[in-house]
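Visitor: I would like to learn how to read a model of this kind. Where do we begin?

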Amino acid sequence: MAEARFAELLGQAAMDVWGDMPRDIQEALFETAMKGHSGQREALARLLHDRHPRTAHPAKPA
């Protein structure tokens, strides 16, 4: 039970500082969070971008 509460606290903290994180850290956290939850990718991405508009990064070079 404590583990679930700590995970919730850590998740909230990550969302709070999302815009201050380097892009590679954002991507790693996002991809880890979305493992097994592919149907929710767009919703989480939209939530994060709405909370932190500056995370709208240009596309990665090919």
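Visitor: What percentage of the residues of the chain count as buried?

Guide: Buried means under 20% relative accessible area, exposed over 50%, and partly exposed in between (1.4 Å probe, protein chains only). Of the 62 residues here, 16% count as buried. This is a predicted model, where local features need pLDDT of at least 70 and side-chain atom pairs count only at pLDDT 80 or more, while totals for chains, interfaces and linings use all residues. Residues are numbered from 1 along each chain as its sequence is written, and side-chain values use heavy atoms, leaving out hydrogens and water.

Visitor: How many helices and strands does the chain have?

Guide: Helices (H or I, at least four residues) and strands (E, at least two) are DSSP runs, numbered from the N terminus. The chain has three helices and zero strands.

Visitor: How many salt bridges are there?

Guide: A salt bridge is a side-chain nitrogen of Lys or Arg within 4 Å of a carboxyl oxygen of Asp or Glu. The count is five. One of them joins Asp16 and Arg51, at 2.9 Å from N to O. This pair links distant parts of the chain, with Asp16 in helix 1 (residues 2-17) and Arg51 in helix 3 (residues 41-51), 35 residues apart. Another is formed by Arg46 and Glu42, at 2.3 Å; these two are four residues apart in helix 3, about one helical turn.

Visitor: Is Glu42 buried or exposed?

Guide: Glu42 is exposed, because its relative accessible area is 55%. Arg46, at 46%, counts as partly exposed.
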